[in-house]
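Welcome, and thanks for taking a look.

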Amino acid sequence: MASVPSLAASIHQRLADALGAALPEAGSADPLLRRSDRADFQANGLLALAKKLGGNPRELAGRVVDALPEGAEIEGVEVSGPGFLNITVADAAITARLADRAEDQRLGVPQAESPGTTVIDYAQPNVAKEMHVGHLRSTVIGNAITRILEHRGEHVIRRHHIGDWGTQFGMLIQYLIEHPHELDHASDRASDHAAPRAGDEGSAAMARLNRLYKDSRALFDSDEEFKTRARDRLVLLQSGDQQTLELWHKIVDESTIYFQGVYELLDVEIREEDVKGESSYNDALHGVVEDLESSGVAVRSDGALCVFFDDVKGPDGNPTPLIVQKSNGGFGYAATDLAAIRDRVGDLGADTLLYVVDARQSLHFKMVFETARRAGWLPEGAARQLAFGTVLGKDGKPFKTRAGESVRLVDLLDEAVERAETVVREKSQNLGLSEEEIAERSAQVGIGAVKYADLSTSMSRDYVFDLDRMVSLNGDTSVYLQYAYARTQSILRKAAGGSAAPKPHPELPLEPAERALGLQLDELGETLDTVAETYEPHRLAAYLYQLASSFTTFYEHCPVLREDNDPALVENRLFLCELTGRTLREGMSLLGIRTPERL
């Protein structure tokens, strides 16, 4: 089925046609149609147009009304104030448009006509290190944007740029050579602090890595001879020594087990073929350096290869360069990021590069993108950093433990699930859920609460991590949305006399709460278009909250299964419940959040 235009889009087109017929001199002026609390829609574009043409805005508005073509969508148009057009949509038009949406598996949401190729870089943990709260936002935001772009029909390539290369690996590998059983699974100690619900295998892997890192670091800091051997080992790693590479792979494999355990708990799929760490670009680094230097984009400064920018200066007023290669011949993050750009544009054919990365790295990526553009590797405007803010504690400061350390991600997720279990048990006392079902729903509610708290905030802003608020049934929370969805399913189960979907009845008049819900349901497609264009998933979260709120009002004011209701009225309201449930489920799924059928 073809996409279903919204009523707003249809009415906007009718107004534009009428504007052109009544005022040819207006050209392609925008009527500026918006939702309104005075009517269903309001058009206020005539005020600016009248000023431009030197006319009376109320008179011009009247001429536009007279020129409006007849149609079933508009029930009435009123000229108000200095020349606003207040537009009321016909009840039958609302129900008929929703019927068209209900017939389509995509709810009438269009797909991109000319999809491009987008490479999105998100979820970037570091090998041999525990994931902390700072890893939450990149993963959750990137996953949601990916799902939304794919739903639109874009060709999306995921890239997880994990930190699997660098100076710490010389220390870790040298320690493994001298303590060969350190990563043996049988050597796990019961006293190690392991992630309680990230999976037994992942917990044990992190315990081994924690022990390896702590013991090797202690030796590195206290033994100069070991420190020398560790630095020599790093050179062997970078030169491709077989034994060193085998042990490096062992460390990476242990970390991968742990990462997957955390991502499984977070309910985010990270595919092996999408993981391309820093090490993947090691062989390309010399080519990056040679090309930048030979083209003059980068120059030598005190032995290091640097790129300078007129608008980037340090506190002393001197230019702060992007260092591509250090004076000792080593490579920094910039070289790896530049190699990744060449791979993503040149080999993967990306039209757009998205980087879901902490806002504190904005200057780095600004310089990397400009360097790649100067070198001819990156088209103008093709790369964009989707910079996100910081997760804060209730004190308004970056979220830390009492000891001042970063909070482990698995600890946050476990606590969220535990808090959610309290809510689930309270709300499901009459549902007869088994312990297994309670555990499943607790995970869906708890993890959903964490994701939604992040996604409902504009990504550029900081937000406070407050589990009490996140798992609340009241207010703008995922639990509120999940409960609204579960309520739609409960109503449909109670009404089930057969398997056929309820039919809409456009001939019936609508109550104000029905109209409000219907108009909200009609906005899904435009909302998703906006989110895909702006990469702002909080707009989808806001839409879903408004939809759930509209459904709650409808539920309170429009009894669905009351015995004295006319059968057609019952069926029409069941139709609204069914379409609301489908829309909530679809929208929540695009955000990466589960919707339990019973809650």
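This is a predicted model: local features need pLDDT of at least 70, side-chain atom pairs count only at pLDDT 80 or more; totals for chains, interfaces and linings use all residues.

**Overall picture**

- Along the principal axes, the C-alpha trace of the chain spans about 90 × 65 × 45 Å.
- Among contacts in the chain with a separation of 6 or more, 74% come from residues 24 or more positions apart.

**Where α4 meets α20**

- Helix α4 covers residues 91–102 and helix α20 covers residues 567–590; the two pack at an angle of about 50°, with their axes 11 Å apart.
- Angles that are neither roughly parallel (under 35 degrees), roughly antiparallel (over 145) nor roughly perpendicular (65 to 115) count as oblique, and α4 and α20 are therefore oblique to each other.
- The crossing of α4 and α20 is left-handed.
- On the α4 side, the contact is made by Thr95, Leu98, Ala99, Arg101 and Ala102, while α20 brings Asn572, Phe575, Leu576, Leu579 and Arg582.
- Sorted by class, this contact of α4 with α20 has 6 nonpolar, 2 polar and 2 charged residues.

**Where α10 meets α11**

- Helix α10 (residues 285–295) packs with helix α11 (residues 333–347) at an angle of about 90°, and their axes are 9 Å apart.
- With that angle, α10 is roughly perpendicular to α11.
- From α10, the residues in the contact are Leu285, Gly287, Val288, Asp291 and Leu292; from α11, they are Ala335, Thr336, Leu338, Ala339 and Arg342.
- By class, the contact of α10 with α11 has 6 nonpolar, 2 polar and 2 charged residues.

**A mostly covered helix**

- Helix α17 spans residues 512–521 and is mostly covered, with 8 of its 10 residues buried.
- The buried residues in α17 are Ala513, Glu514, Arg515, Leu517, Gly518, Leu519, Gln520 and Leu521.

**Aromatic rings**

- A pair of aromatic rings is described by the distance of the centres and the angle of the planes.
- Searching the whole structure turns up 10 aromatic pairs.
- In one of them, the rings of Phe365 and Phe369 have centres 5.8 Å apart and planes at 45°, so this pair is tilted.
- Phe365 and Phe369 are 4 residues apart in helix α12 (residues 362–374), which means that about one helical turn separates them.
- Phe551 and Phe554 sit 3 residues apart in helix α19 (residues 538–557), a separation of about one helical turn.
- Phe551 counts as buried because its relative accessibility is 0%, and Phe554 is buried with a relative accessible area of 0%.

- Most residues other than glycine have a negative phi.
- Leu107 is not a glycine, yet its phi is positive, at about 60°.
- You can find Leu107 in the loop between α4 and β5 (117–121), and at 4% relative accessibility this leucine counts as buried.
- Ala128 has a positive phi of about 70°, although it is not a glycine.
- Ala128 is in the loop between β5 and α5 (136–152), and it is buried, with a relative accessible area of 5%.

- Val423 lies in helix α13 (residues 409–427).
- Since buried means under 20% relative accessible area, Val423 is buried with its relative accessible area of 15%.
- Which residues does Val423 touch, not counting those up to four places away in sequence? Val423 touches Val471, Leu473 and Val479.
- One of these, Leu473, is 50 residues from Val423 along the chain, and the C-alpha atoms of the two are separated by 8.3 Å.

How values were computed
Residues are numbered from 1 along each chain as its sequence is written. Side-chain values use heavy atoms; hydrogens and water are left out. Axes are lines fitted to C-alpha atoms, for helices over the stretch in contact, and angles run from 0 to 180 degrees between N-to-C directions. A crossing is left-handed if the near helix is turned anticlockwise from the far one by less than a right angle, and right-handed if clockwise. Contact means heavy atoms within 4.5 Å. Ala, Val, Leu, Ile, Met, Phe, Trp, Tyr, Cys and Pro count as nonpolar, Asp, Glu, Lys and Arg as charged, and the others, Gly among them, as polar. Buried means under 20% relative accessible area, exposed over 50%, partly exposed in between (1.4 Å probe, protein chains only). Rings of Phe, Tyr and Trp (its six-membered ring) pair if their centres lie within 6.5 Å; planes under 30 degrees apart count as stacked, over 60 as edge-to-face and the rest as tilted.
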